[in-house]
Amino acid sequence: MAGGSSSNGARHKTTWHIGNWGNPYEGGGQPGKGLITYALSANRQRPFAGFFTKGVWNTVRRGRNQILYVVPPFIVAYSTMQWAIERNEYLNSKAGRAEFGEGEE
């Protein structure tokens, strides 16, 4: 059985356990055969913990910090659009056509 193959076709490889994540010297170089660990992160245990008590106020705080980046461009865009609409209406009016020399044909 070359390459660590068993009779049923499964491959088995002996690895060396070098310690927990971030601490490679803890394991002492013992083989990691049969070492299985499972963990559940804190975010998966209670994903909405404190959402209604702290989440709303956190959203208000973050929005307040960003308001000067968002509101002035919207004001400029709205003002520009209003000016363009009024200018277009004037240029297509009777007085606007008379001022810029477009006569009826």
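## Fold

From the N terminus on, the elements of the protein run α-α-α. That makes three helices, with zero strands. The model is predicted. Helix α1 covers residues 42-45. Helix α2 covers residues 51-91.

Contacts follow the chain. Take those between residues at least 6 apart in sequence: 0% of them join residues at least 24 apart.

## Confidence

The mean pLDDT of the protein is 76. Of its residues, 60% reach 70 or more. Helix α2 has the highest mean pLDDT among them, at 93. Helix α1 has the lowest, at 72.

## Burial and surface

The protein has 105 residues, and buried ones make up 5% of them.

## A nonpolar patch

Seven names belong together here: I67, L68, Y69, V70, V71, F74 and I75 make a nonpolar surface patch.

F74 has a relative accessible area of 59%. The cut-off for exposed is over 50%, so F74 counts as exposed.

## The aromatic pair

How many aromatic pairs does a search of the whole structure find? It finds one. The partners are F51 and F52. Their ring centres lie 5.1 Å apart. Their planes meet at 75°. An angle over 60 degrees counts as edge-to-face, so this pair is edge-to-face.

Are the two partners buried or exposed? F51 has 40% relative accessibility and counts as partly exposed. F52 has 69% and counts as exposed.

Definitions and conventions. Residues numbered from 1 in each chain as written. Predicted model: local features only at pLDDT ≥ 70, side-chain atom pairs only at ≥ 80, totals over all residues. Heavy atoms only, no water. Phe/Tyr/Trp six-rings, centres within 6.5 Å; stacked < 30°, edge-to-face > 60°. Buried < 20%, exposed > 50% of the residue type's maximum accessible area, 1.4 Å probe, protein only. Patch = residues over 30% accessible without salt bridge, like charges linked within 9 Å, V, L, I, M, F, W, Y side chains within 5 Å. Areas by Shrake-Rupley, 256 points an atom, 1.4 Å probe, with all protein chains shown as cover. Salt bridge = Lys/Arg side-chain N within 4 Å of Asp/Glu carboxyl O. Helix = DSSP H or I, 4+ residues; strand = E, 2+ residues; numbered from the N terminus. Contact = heavy atoms within 4.5 Å. pLDDT = per-residue confidence, 0-100.
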